[in-house]
Amino acid sequence: MTSLSAIIDYLYNWAPPELAAPWNSIGLQIGDPNAPINAIHLSLDIDLTVLNILKTQPIDLVITHHPIFFKPIASINTTDDMGQIISTFITTNTHLLSLHTNLDAAVGGVNDALLEKLGFNREDGLPIEDEFGRYFQLSTPRSVVELATIMPARVVGAQQDRVSSVAVLAGSGHGTLKRVKALGINCFITGELTYHDEVYCELNGITAILLGHKESEIMILPKIKENLTQLDAQLTVTL
């Protein structure tokens, strides 16, 4: 049986904590690093489905992409969302580990999983900003319709038939949009943007292809499972 600390070290070798954004909360969220781990459940978030699994199945560790802790907690009310999460993990003796922006930036991580799904090669592009996302100057312009039908998507912003440069960023593209404009990119494939971001795209000649936040990141879960089974083939890993 593998210890939680061994799992953390192994995953940190793939997605080093120093890659995480300064504002981010990653790593062990709840639990004992010395605990033995046999059964692991993977999810992007802690939601009602995950909580129900913990109440009905013997899970030792949940690994999520999105952490539950970003700001200090002043109190815990077990009737609200955070209280339900914390109390469920404690009463079921389940540990919680999160790999967020460090896994976004890692080679073979969240953004690379999306690139693979879209048919782009990481090595053919350049980082949009601080290793988060990639952009590509296309040798031959590509059809917006073609790009928007690889995955279910909503197209907003500037109306263009073909584009000559593409930026790809999983999750929220909100904080990267001005950088996309500064790079002269005319197509941005991302998970989500705000209403005002969509207006910004329209005014600045950027066609945005929105995949959905969850939909742009979900491809990473099978890759986490693959990595964990390479560490220990005896681990039970569910999605």
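Trainee: Which residues in H10 do Ala6, Ile7, Tyr10, Leu11 and Trp14 in H1 meet?

Mentor: The model is predicted, so local features need pLDDT of at least 70 and side-chain atom pairs pLDDT 80 or more, while totals for chains, interfaces and linings use all residues. Residues are numbered from 1 along each chain as its sequence is written, and side-chain values use heavy atoms, without hydrogens and water. Contact means heavy atoms within 4.5 Å. On that basis, the partners in H10 are Ile220, Lys223, Ile224, Asn227, Leu228, Gln230 and Leu231.

Trainee: At what angle do the axes of H1 and H10 cross?

Mentor: Helices are DSSP runs (H or I, at least four residues), numbered from the N terminus; here they are H1 (residues 4-14) and H10 (residues 220-231). Axes are lines fitted to C-alpha atoms over the stretch in contact, and angles run from 0 to 180 degrees between N-to-C directions. The two axes come within 11 Å, and the crossing angle is roughly 120 degrees.

Trainee: Which residues of H1 are buried?

Mentor: Buried means under 20% relative accessible area and exposed over 50%, with partly exposed in between (1.4 Å probe, protein chains only). The face of H1 turned away from its buried side carries exposed Asp9 and Asn13. The buried residues of H1 are Leu4, Ile7, Ile8, Leu11 and Trp14.

Trainee: Which residues does Thr88 touch, not counting residues up to four places away in sequence?

Mentor: Thr88 lies in helix H3 (residues 81-91). Its relative accessibility is 6%, so Thr88 counts as buried. The residues that Thr88 touches, with that exclusion, are Leu51, Leu54 and Lys55.

Notes:
Helices (H or I, at least four residues) and strands (E, at least two) are DSSP runs, numbered from the N terminus.
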